[in-house]
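Welcome to my notebook. I wrote these entries while looking around a structure that was new to me.

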Amino acid sequence: MRVNGEAPCGSSLEPSVERPERPSAPRPQEADEVLMSHINWKQAEAALDRQALVIVPTGATEAHGAHMPLDADTHQAEHVALRLAERLDALVAPAVPYGISKTFESFAGTVSLSIPLYQEVVYEIGAALIKQGFRNLLLLNGNRPNGTANDQVARRLIDDFDTEFAPVVTAVSYWEPAAARLHALRRSPVGGMGHGCELETSFQMATRPELLDMAAIEGLETPLVGWDLVAPVVPSRTYAMRPSPGSNHTSIFGDPHVASTESGVAFIEAIVDELESLMRNVSPSYWERDS
Ligand SMILES: [Zn+2]
């Protein structure tokens, strides 16, 4: 059985005596039942019959500072998807491990799809599910630049399939519904939650501490970024020169130094709670607001 984010048996880089005392985010217990990749097609058909929500996590393979693994976004989207699926009796499709990561293209290990191809991949996944009869889809994003792309994919799926299949497609980045709660829980000032930041580092501490190397960024200056994932600031939609190791950029936006396991656990709870609320009260753009 695959348990999301769990280290291989016996591989621990930390003294085992400390492990039981550490808080950690609960891992999905029934991963085999909600992971689409772990069920057979008859079980998938049964999920179709009950019109289960299908969650498609979208991630990235990109630099997140010297302290975090390259698959951070994919892991975070999938972890949240599994937690959410337990609450909503949903299925989790295999995560898309490559995303729009051109920002960090000059950092070793970053692999980016072009924007049109990325959108085509997500569109084809959504279209395949919709044409089989799955009517409820959630594109659950873990990599910021994928977010606006996923929104366009959701619109395109509706444009192409609404009259024949009547799907309902939600596109959201996992931190968005919980933004106010995360902002209230944070330790960093505005600009501290961006990329490889307080939020993401805390998330990894709570779920995969064995993959973090905090010593790698000890004493490293990581300036606050001009935007923020969760603060109520004016969104930044202006783009210029990308960061690179050549300009001594760390591939971090924000402040990972204030991250903690406790914060990660609290962040994840808030994230899953608010996503559950969002998906229990879906309100498509064209529907009238309940009075
Ligand atoms: Zn990230």
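**Entry 1: what lies over α8**

I started with helix α8 and looked up its cover: the buried residues of α8 are covered by parts that include α3 (72-88), β3, β4, α6 (179-185) and α7 (198-207). Covering here rests on contact, meaning that two C-beta atoms, placed from the backbone, lie within 7 Å. Helices (H or I, at least four residues) and strands (E, at least two) are DSSP runs, numbered from the N terminus. I call a residue buried if 20 or more other C-beta atoms lie within 10 Å of its own, exposed if 12 or fewer, and partly exposed in between. Among the buried residues of α8 I noted Phe267, Ile271 and Leu275.

I also checked the length of α8 (residues 261-280): at 1.5 Å a residue its 20 residues should span 28 Å, and the end C-alpha atoms are 29 Å apart, which agrees. That expected span is 1.5 Å times one less than the number of residues.

**Entry 2: ground rules**

I am reading a predicted model, where local features need pLDDT of at least 70, side-chain atom pairs count only at pLDDT 80 or more, and totals for chains, interfaces and linings use all residues. Residues are numbered from 1 along each chain as its sequence is written.

**Entry 3: the sheet**

I counted eight helices and six strands in the protein. Four strands form an open, parallel sheet in the order β2-β1-β3-β4; strands pair if DSSP finds at least two bridges between them. β2 (91-92) and β4 (168-173) each have a single partner strand, so one side of each is left without a neighbour in the sheet. Six bridges join β3 (residues 136-141) to β4, and asparagine 141 has serine 173 as its bridge partner in β4. Helix α5 (residues 144-165) packs on the sheet, touching β1 (54-58), β3 and β4, and its direction makes about 170 degrees with that of β4. Such angles run from 0 to 180 degrees between N-to-C directions of lines fitted to C-alpha atoms, for helices over the stretch in contact.

**Entry 4: proline 167**

Is proline 167 buried or exposed? I found proline 167 buried, with 21 other C-beta atoms within 10 Å. Proline 167 sits in the loop between α5 and β4. Leaving out residues up to four places away in sequence, its contacts include Ile130, Leu137 and Phe161. Phenylalanine 134 is 33 residues from proline 167 in sequence, yet the two are 7.5 Å apart in space, C-alpha to C-alpha.
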